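Student: I am new to this structure and would like to learn how to read it. Could you guide me through a few features?

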Amino acid sequence: MTKWTLLVYLPMMMELMSCVEELAWQERGPATNRLVVEGSITTERKAHTVNLSRTTPAIPTEAATGVSGAIVSIVHGTTRFPLYEVDTIPGLYRTDSTVVGEVGQTYTLQIELGPASYSATTTIEPVLDFESPALLFASPNRLGNPIRGNLTVFELEFPKVRYGAATPVRDIFSAQEPIGLQWMSAFYYQFPGIDPEGFLLNFSGANQTLLLQAGTVITQTRYSLTDSHYRFIRDVYAETQFRGGVFDRMPANVKGNISNGALGFFSGSQVAQRSFVVQKSWLGQ
Amino acid sequence: MRTLCGVLWLILMPISALYGQHTILDKPIHLPKTTATLEQLLGALSQQAQISFSYSNQLPLRKQVTVRQADQTLRSHLDDALLGQSVEYIVRGNKLILRFRPPTANPDSATRNVTLRGYVRDSASGEALMGASLYIQEVAMGTTTNTYGFYSLTVPRHTYTLIVSHMGYRPVSKRIRLIEDHRMDIQLPATTHQLAEVVVSSGTSSHLGAASLLSSHRLDAATIRQMPALAGEPDVLKSIQLLPGVTTVGEGSTGFSVRGGGLDQNLILLDEAPVYNPSHFLGFLSVFNTDAIKEVTLYKGGIPAQYGGRASSVLAIQLKEGNTNQFRATGGVGLLGGARLAVEGPLASGKGSYIVSGRRTFTEPFLWLGALADSTLRGTHVNFYDGNLKLNYTLNEKNKVYLSGYFGRDMNRLPLLDYQIQWGNTTGTLRWNHLFSQRLFSNFTLLYSRYQYRLATPAAAVPFSWESAIADQGGKADFTWFVSPRCTVSFGLHSVYHQVKPGQNRANPAFRVPGRQALETALYAGLDMKVRASLRLEAGLRYTLFQNMGQALVYQYNQVGRVVDSVTYGAGRIYHTYSGAEPRLSLRYQLAENQSIKMSYTRLYQYMHQLTNSSLSFTAFDIWYPSGPGLPPIRSDQVSLGYVRSLGNRQWEVSLEGYYKDIAHQLDVRDHAQLTFNPYLEAELRTGRGWSYGLEFFVRKQTGRLTGWANYTFSRAWRQIPAINEGNAYPALFDQPHKVSLTAGYTASKRVTLGLNWLYNTGGAINLPVESFTYDNQNVPVYGARNASRLPDYHRLDLSATIQQPPKPGRRWQGSWVYTLTNVYARKNPLTIYVGEDLSATRNPAQPRLVANRVYLFSIIPSVSYQFTF
């Protein structure tokens, strides 16, 4: 069932059938070739990365190209953490592996690219405490029936956004799937409040899943989001994952926190992590 | 015995004399229509009637008199000839004596005015007819009935020819001798099958021509039912959308914009009570059941002073009163609208009447069948129901009361999404018509209206919901003073108490948007005056007062929308006031008998606002919010100029009208505004300026086998709001420069009626991306100027055929089948276009692609419905 048939089909049933067709597209203007920034600083001790690219046509025919040759650094007070471009991946810059952000501190990303300079500032907010792991199996997550051929292995489907959190976070779940023992991961955001268009389309299209059974160990990593980062992600979702429903909001540009007309976002997050074992009772067994 | 005979002789003698007088004066006389002296006329009458006249040569015998009507009684000929003269006539045997009227104690009594008043009704149902025209031929003046079918005409004592007419009814001509105040109720028979046999004399035509209103349209239920409708369900708002100057956003929506105004700038009144969301089924149908509706009037400009509160238009919907003569039922069954039934009949021996109507969808069988094929549909409920009730009762000649109400709910439960949506309206009005005098009509109204919706996720781990509501309670006192046939004055006082609960979340009060209360009061006076035979003036002034009242928590924001403080006001305390005067002026100048020009100016204030950030006009989650310290009222000023002409003995009416509207404090929301679950709602709002202009060409054929209208509208609607579109002007969402619509009904036979609609309009304004960027592996669109792109042009043809079952003697049941083809040539009119993942039927899920998706709601829809009356 497509996004549109999901709601419109239901009320109209036999009478009306909504349809989606591909439309021949004409680009409406040359790409401005603006700088796009995607970077973060977290409380993890690791090499933090910043990716620089350029805007592309509305329907790009190829991936955005990385922007090389920039001077990139993250500044905390008087401390400057330089980022160096990865030789094999144009446009990807990273710090050394010892950089750690601190909760409550403010960090500034600075980019020098030719004559132009760009900057963005973020603060690391404390992360929301974990809730009971059993809630992972409650709605709106969806535990499907045992997969065909194996009565003990279930597929857990995640929404794109879980609504109603006290503060916004991003949760990443990873586990070794019980059949092929491959590592799988899935994530969702938790947002406060409800965006009607988002809730409606939360399970439209492809959603991320984990295969698991009783005894599977799940590692959950949680990232805090500042209010402006949450709003940025919310707007990105409204323009991408949640575009195409009857409650669509007015299309509008997503505003990031990069100066000088660049697009994208530089974020800061506290990171918390835990692991837990899937209980048989959570699977309804 | 002798005494008894004497008494009988005394009684019968005068009667006999009166009978003789009656016989002579009522003798039919034919005179050619001409102008002659009074003496010549008397000579002709004497010859024709075989009687002799006796008169003094002091009488004004050389005065020119006109014979306007060739065939009438001797009395009528004399009354016409002596109109305005101090001359009277008396019968003596076979002789008529003309003499000067003797002076009386009260010199005014001879020429004293008398008042004719009463109601104009449908002869079959007894329904009062609003806007019926009453025209006195001899003085070339007249009036129209008000909303309740009441009229009052004050004229000098005389014998007159009164012609009463109303569209869709046979005109009635009455000869009346007015010597004292008199009440006369007039019943008009409806024409059948729209085959109006209108025979309109030139004088009547003149008056009717003057009554034609520019900037307004009136549709009755029969006209609405005759138009082809989506899936065979006739609908008031869909019909309105076919009129010039009215646009909508998206297919299948009840939302509409009038002359560039916002979707919330239309005051929708159901028997005087405001309706805040007129949508069923997310807008595919409106909440107004055509079985219960008498007529609909849309005012786009030149709005009478009695109306106010919205910046663009007034849509006044009148429910039927119910049949005062007999019990009747009407109903129907259709796939989209479900089943509907309306019953009506007299109350208390014809002193009153009632009508009760209801509708309900029956999607359950389809959902049940769907669930067999797709288990995810189990537990799904998608339906609506509504009901109307109206009672009226005549207490006595001067007092009448009306009680009317509406209740409706949309219930949508989608377990697949853990999602429940409910919304609905409740309205009620209690009205009392009181006649203070022959000429002073009054109406007192108590009204109630409530709109609410609820969005819930009952199966969520932490269930939560969002509820929003607005409720109005108020009263109105409206007076109409029929000063003379040349002048009618209206005045009144309205007061409405608004209670707004923008948003509540029972599970988490942190998301609650503080409630608001406000008192909206209006005092108005209006004048409708025929300044000269060719010039009519309608002027009015409405003064409005809007007071925010506690209890309220009011946040104060800085310039970037951050909360800097808050103030709590106690219950009942008035903490902010807006006020404004709304002048109204319309001038209509009659160029000739069948053509006139009209110009109007209207100022309107709007204090209640609908907050929406939806790109379509599905309005279930919009929030109504009042003006307050940080949100000024919208003020609109509109001027219009038009020309109207009737052709072909008033079978055709042609009009051309231009307008310009300026809107101050036009409201919009910032990009990506969050309206639900946001206590700081006002920080999302932005105000600026709006303006629109246009030209509307309208042709209407009102009688004959073929009826309908065609119109072309050129219009533009612009907004300029700081902080939106970088402060640059941008087209409004419903800016559609060119619109053409053609609506026709053809009565093929007594049993078969055909209908046709064809619509065309420029594609609506839309935001389409000009480039994109990649973030978190998602292709995020980048837009250029707001609404700078266009959807493809919209056009659609609908056809319908209504076939009545042959009547059977002795059977009251009359059934008809309505066959409809919506979108005959299956054009896929896009509802929207967006760039995103390929969602078409031909997509390959394994290889997701980014494409431009065109979304359309339907192509061709054949449908059949059954309607009945008994």
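Student: How many bridges join S50(B) to S51(B), and do they run parallel or antiparallel?

Tutor: First, this is a predicted model, in which local features need pLDDT of at least 70 and side-chain atom pairs count only at pLDDT 80 or more, while totals for chains, interfaces and linings use all residues. Residues are numbered from 1 along each chain as its sequence is written, with chains lettered from A and ligands numbered from 1 in the order in which they are written. Strands are DSSP runs of E with at least two residues, numbered from the N terminus, and two of them pair if DSSP finds at least two bridges between them. Here, six bridges join S50(B) to S51(B), and the two run antiparallel. Thr774(B), for instance, has Asn779(B) in S51(B) as its bridge partner.

Student: What do S50(B) and S51(B) form, and how many residues lie between them?

Tutor: They form a hairpin with two residues between them, and Asp776(B) in the turn has a positive phi of about 55 degrees.

Student: How many residues of chain B are in contact with chain A?

Tutor: Contact means that C-beta atoms, placed from the backbone, lie within 7 Å. By that rule, 68 residues of chain B are in contact with 61 residues of chain A. Strands S50 (769–775), S51 (778–783), S55 (830–837) and S56 (850–856) of chain B each supply at least two residues of the side that touches chain A.

Student: Which strand of chain A is joined to S56(B)?

Tutor: Strand S1 (residues 19–23) of chain A is joined to S56(B) by five bridges, and they run antiparallel. There, Cys19(A) stands opposite Tyr856(B).

Definitions and conventions. Two residues are in contact if their C-beta atoms, placed from the backbone, lie within 7 Å. Helices (H or I, at least four residues) and strands (E, at least two) are DSSP runs, numbered from the N terminus.
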